[in-house]
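Student: I've got a model open and I'd like to talk it through with you. Could we take it piece by piece?

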Amino acid sequence: MDQKGITLMTDTRKPILTGRNLVKRYGRVTAIDNADFDLYPGEILAVIGDNGAGKSSLIKAISGAIRPDEGEIRMDGELVHFASPIEARKAGIETVYQNLALSPALSIADNMFLGREIRKPGFMGKVLRKLDHGAMEKMAREKLSELGLMTIQNINQAVETLSGGQRQGVAVARAAAFGSKVIILDEPTAALGVKESRRVLELILDVRSRGIPIVLISHNMPHVFEIADRIHIHRLGKRLTVINPKDYTMSDAVAFMTGAKAPEPLAA
Amino acid sequence: MSEPVASTPHNDYEKVLKDSSKDVASFDHDTPSALHKFRHFLHSNPSAVSLIVLVVSLIVFGLTLGGKFFSAFSLTLILQQVAITGIVGAAQSLVIMTAGIDLSVGAIMVLSSVVMGQFTFRYGLPPELAILCGFATGALCGFINGVLIARVKLPPFIVTLGMWQIVLASNFLYSANETIRAQEIETTAPILQFFGETFRIGGAVFTYGVIAMILLVGVLWYVLNHTAWGRHLYAVGDDPEAADLSGVNVQRMLISVYVLSGVICALAGWALIGRIGSVSPTAGQFANIESITAVVIGGISLFGGRGSILGMMFGALIVGVFSLGLRLLGTDVQWTYLLIGVLIIVAVAADQWIRKASR
C-alpha cells in the first residue's frame, strides 16, 4: 500500500527506527504479516489496533523480546538484530512494560539501577564489587526531579509503598535516565485513575520535550489523540496506515482499526 | 512539584476535574500512630523482630537462671551448638530469598563430610585435597539442583526433596555405613577437625566453627547488600519476570545461588567433622529442618525477596537459647520443641502483619 501521501509531513526527516517487511509466524498463525514501522526523531508515535491485530508482536520484535522470521529492523539507518530485550536496551531502546518490571521490595534507587549498577571506584569496587549506593541514589534523585517526580520523598523507600502513578513514573524515569534513544511505553495509563493518567501523560510530553522519541501503545483513544504526533494503525498483522490525529476523528481511527472503513490512500 | 502545564483539560470528561483537589498521588501526611511507626520500622528492618525476641529471651532466662545461664561459658556454648545450623541456615537463607527451598542441605552436608573423610582414609589423598573434593561434591549437588530448577523449571520443593533422598542414599552406599573414628582422624588428618578446635577468651570458649559461622554470615550480609549479585538475588526472589525484563539473567542467578548453597553445605560438612570429631554418615539428619526453622524464625519470607541473613543467625541463636535455657531449668526436652513450634507460627504471623505496613 502506498503511504507516501499519508506520511508526507515527515518525509523530509530521516527515521530513527524503521522496520521493513517484518514477518513473525507462530505455527500456522501469522502474527506479523509484512509489517512496516517508522519512528522519527522527537515524535510521539501511537500504535493502535484491535485486539489480536499483532501490535504487541510488532512492538516485541522492535524491543528485542521476539525475533522476526523475516524483514529488517534498522536503527539510525544501520541494520540491527536483537536477540533479547537486553541487547535492544544496549542499543538505546528502552521498554516500559505494562507490568512495569519493577521489584516491589527493592528501593526506588535499586530498581532504577537494576541490571546496570554502579560500582565504587578502586579496590572496593573492583575487588570487593562494592556498589556505590551514594552515587546511584544521587543520580536517581536527579532523574526523578528532572521529571517533576520529587513528590517521592525518600529515594530508599520500597517501590511497593508507591501509588500506581508513582510507580509508572519511576519506570518511565528509569527508561529515560540512561541516555536512551527510543522509549517504548506499553499501555502506560491502563491501570491508572483519571488524575494519575493526566500526570503520566504530562510525563510523556516532558520526555518528548527532551528530544527522546516515544512509541506509545494504548487502547485509550482520548489519550492517544491528545498526545500523539502520528498514529500508526495496525490491522491484521500489518500497518494499515499512519494518520495525523489533527486530520481525523477518533471514530475514523476506530473505523480504520476495525475495518469498518478503508483509509483513502492519499488523504493527508 | 511545579504546577503541570497540561493540567488544562483536553477532553470533555476531564473538565469536571478543574475544581477537584490538585494534589496528585501524594502521601498521607498526618502523623502515623506509634504502632504504625513501629510496624514501618520493622518493615524496613526485617531482622529487628528476631533480634528483639533474642534479647528478650536472653533477659528472661538470665533473670530466672542467674549466673548459671548468664555466664560467658554458657553463652558461648550456645554459639557452639548453633554453629552448624547457622552455616547451613546461611545456605538455606540464600535459597529461600529466591523464593525457593532446599531440603537437601543436610544430605549435601553429610555427603561432603563423608567425601572429605573417605578420600583421605580410603584413597590416601592428602587431607587438604580431600577437603577440596568435598567442596566440589557440594558444588556439584548444588549445580544439579540449580539446573533442574532454573533450566528444566521444576519446583524447588520437588527437586530438592528428590535430591535429599538421592544424596543421602549415595552417602550410605558410598560410605558403606562406616564411621571413621575420631582418634584415627586426630592422628593422621587433624585438619579435618580444624573447626572443632577451641580457644578461650576468659571464660568464653570459642570454636573455629563459631568463627566460621559469624564470618560467613558477615560476608554474605555484605554480598547481599553491597554487590549487584546480592541486589539481583532479592530481585529474582521478589519477581523473577520483572528481574528478567530489567536485565538480570535469572537462570544464571538461580544456578549460582544453588551452587553457592552446595558449597556452604560442604563447609558445614567440614565443620560437622570438627563438632562430632568423627566422620559419620548418619550425622546431621535434621539439618534441613533446623535450617528452615532458623530462617523462618529469623523473619525471612518464604515467598522470597525479603529478609536479612542476620535475622537467620538471630533465629538460630533463639533456638539455641531456648534449648539451653529450658535444659538448665530442668524441663522435659519436649517443651523446647513445643515452644519452637509456637515460635515458628508466631514468626510467620508477625511477618504477615509487618508486611501490611506496605499497603
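This is a predicted model: local features need pLDDT of at least 70, side-chain atom pairs count only at pLDDT 80 or more; totals for chains, interfaces and linings use all residues.

Student: Then how does Asp132(A) come out: buried, exposed or partly exposed?

Tutor: Asp132(A) sits in the loop between helix 4 (122-126) and helix 5 (133-146) of chain A. Leaving aside neighbours within four places in sequence, its contacts are Ile118(A), Arg119(A) and Lys120(A). Its count is 18 other C-beta atoms within 10 Å, so Asp132(A) is partly exposed.

Student: Now the open sheet in chain A. Which strands stand at the edges?

Tutor: The sheet has 4 strands in the order 2-1-4-5, with antiparallel pairing. An edge strand here has a single partner, so one side is left without a neighbour in the sheet. That describes strand 2 (29-39) and strand 5 (78-80).

Student: On to the largest nonpolar core. Which residues have the most contacts inside it?

Tutor: That core has 180 residues. Its largest share, 17 residues, comes from helix 11 (residues 250-276) of chain B. The residues with the most contacts inside the core are Val215(A) and Ile87(B).

Student: Why is helix 3 of chain B described as largely enclosed?

Tutor: Helix 3 covers residues 72-97 of chain B, and there's a bend of about 45° at Val82(B). Burial is the reason for the description: the rest of the structure largely encloses this helix because the buried residues number 20 of the 26.

Student: At roughly what angle do the axes of helix 3 and helix 8 of chain B cross?

Tutor: Two packed helices are described by the angle between their axes and the distance between the axes. The contact includes Leu79(B), Ala83(B), Ile87(B) and Ala90(B) on helix 3 of chain B, facing residues of helix 8 such as Ala212(B), Met213(B) and Leu216(B). The crossing is left-handed. The axes come within 8 Å, and the crossing angle is roughly 35°.

Note on methods. Residues are numbered from 1 along each chain as its sequence is written. Chains are lettered from A and ligands numbered from 1 in the order in which they are written. Two strands pair if DSSP finds at least two bridges between them. Helices (H or I, at least four residues) and strands (E, at least two) are DSSP runs, numbered from the N terminus. A nonpolar core is a set of buried Ala, Val, Leu, Ile, Met, Phe, Trp, Tyr and Cys residues joined through C-beta atoms within 7 Å. A residue is buried if 20 or more other C-beta atoms lie within 10 Å of its own, exposed if 12 or fewer, and partly exposed in between; C-beta atoms are placed from the backbone. The bend at a residue is the angle between axes fitted to the seven residues ending there and the seven starting there. Axes are lines fitted to C-alpha atoms, for helices over the stretch in contact, and angles run from 0 to 180 degrees between N-to-C directions. A crossing is left-handed if the near helix is turned anticlockwise from the far one by less than a right angle, and right-handed if clockwise. Two residues are in contact if their C-beta atoms, placed from the backbone, lie within 7 Å.
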